[in-house]
Every structure is written in C-alpha cells, then in structure tokens.
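Dear colleague,

Please find below the structure that I am handing over to you. My notes on what was found in it follow directly after.

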Amino acid sequence: MYIKQTQLADKIQIDQIHEGRGSIKRRPLFKEHSRLPVKFEVWEFEAGVSEGDHIHEGVDSLEEVYYILTGEGMMTMDGDQISVRSGDAIMVAPGVDHGIFNPGPQTMRLLIIWGAPSGEYMDEG
C-alpha cells in the first residue's frame, strides 16, 4: 500500500497559532492515513507572520521538530533569539518556551513534526 499527496489537491488550512501574528498556511501530511505516533505538516509563513511563543507540558507534553525548507526566520527558545534558515533543523523538548517568526522579506516554509515523547533526554555535551 502507498498513498501519494499532491500540493495542488491538498486542502490547505489557514490558522492563527498560539496567538501569533497573522495566519500560517498549514498543509497536513497523511493526517487520516499515517499510523505513526507523530503528526507532520508543512507550514508557510508570509513576511511578518509568527507562531506565538508557547510551552507544551503536563498532559499536553509534546516534542517538536522544525525543519526549515525555504527562507529564514527567528525562533525564540526560553527567551533567547535564534536565527534559522533553509536546511536548519531544531528540536524542542517539552517544557521549553518557544515560537517562530518570519521577519521577511521572503516567505518561509518549514516541515513541523510533533508527538508525545517517551524516555529520558540526554544532554548533548
């Protein structure tokens, strides 16, 4: 079995997320078909659009991975500003206050993957 999604046929959702600025175009991938314990979408941010800063903890505990496909942006991680660009991958553990913003002028596209973590985190050092 295989399933192919095409961008032209997909229904695009347009949402404000976590009280961010503007609206993010969201393309869910295999939402009803995948049995993996994660969700994944392609998000598109026009200049000036952001996902508001937020924390996943407690019963809503999530790990998220952001992979920047095109463009550049700024992420906030526990108050620190981190520059991101095409080809960068960022993992956000539960309990980290985070968000992402496209200062422009180009559109920024990213793949976001999220799910409930299992096991313990190890320091990267």
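A residue is called buried when its relative accessible area is under 20%, exposed when that area is over 50%, and partly exposed in between. Please keep in mind throughout that this is a predicted model.

I begin with the aromatic residues. A pair of aromatic rings is described by the distance of the centres and the angle of the planes. Searching the whole structure gives two aromatic pairs. One of them is formed by phenylalanine 30 and phenylalanine 40; the ring centres lie 6.5 Å apart and the planes stand at 55°, so this pair is tilted. It connects distant parts of the chain, since phenylalanine 30 sits in the loop between β2 and β3 and phenylalanine 40 in strand β3, ten residues apart. Phenylalanine 30 has a relative accessible area of 25% and is therefore partly exposed, whereas phenylalanine 40, at 18%, counts as buried. The other pair, tryptophan 43 with phenylalanine 45, is also tilted, with 6.2 Å from centre to centre and 50° between the planes. Both tryptophan 43 and phenylalanine 45 are buried.

Next, the sheet. Six strands form an open sheet in the order β1-β2-β3-β10-β5-β8, and their pairing is antiparallel. At its edges lie β1 (13-15) and β8, each of which pairs on one side only. On average, neighbouring strands of this sheet are turned by 25° against each other, direction ignored. Between β5 and β10, the antiparallel pairing runs over seven bridges. Tyrosine 67, for instance, has leucine 111 of β10 as its bridge partner.

The largest nonpolar core comprises 19 residues, and Phe45, Ile100 and Leu110 have the most contacts inside it. At least two residues of this core come from each of β3 (38-45), β5 (63-70), β6 (72-77), β8 (89-92) and β10 (108-115). The largest share, four residues, is supplied by β10. Beyond residues up to four places away in sequence, leucine 110 touches Glu41, Val42, Trp43, Phe45, Tyr66, Tyr67, Ile68, Leu69 and Ile100.

Two further residues deserve a note of their own.

Which strand holds arginine 26? Arginine 26 belongs to strand β2 (residues 24-28). With a relative accessible area of 16%, arginine 26 is buried, because the limit for that term is under 20%. Its side chain makes a polar contact of 2.8 Å with the side chain of glutamate 41. Setting aside neighbours within four places in sequence, the residues in contact with arginine 26 include Lys11, Gln13, Asp15, Glu41, Trp43 and Trp114.

Is histidine 54 buried or exposed? Its relative accessible area is 8%, so histidine 54 is buried. Histidine 54 lies in strand β4 (residues 50-54). The side chain of histidine 54 comes to 2.8 Å from the backbone oxygen of glycine 52, and a polar contact of 3.1 Å links it to the side chain of histidine 56.

With kind regards

Methods:
Residues numbered from 1 in each chain as written. Predicted model: local features only at pLDDT ≥ 70, side-chain atom pairs only at ≥ 80, totals over all residues. Heavy atoms only, no water. Core = buried A, V, L, I, M, F, W, Y, C linked by side-chain atoms within 4.5 Å. Buried < 20%, exposed > 50% of the residue type's maximum accessible area, 1.4 Å probe, protein only. Contact = heavy atoms within 4.5 Å. Polar contact = N/O pair within 3.5 Å; in protein donor to acceptor, adjacent residues only side chain to side chain. Pairing = 2+ DSSP bridges. Axes fitted to C-alpha atoms, helices over the stretch in contact; angles between N-to-C directions. Phe/Tyr/Trp six-rings, centres within 6.5 Å; stacked < 30°, edge-to-face > 60°.
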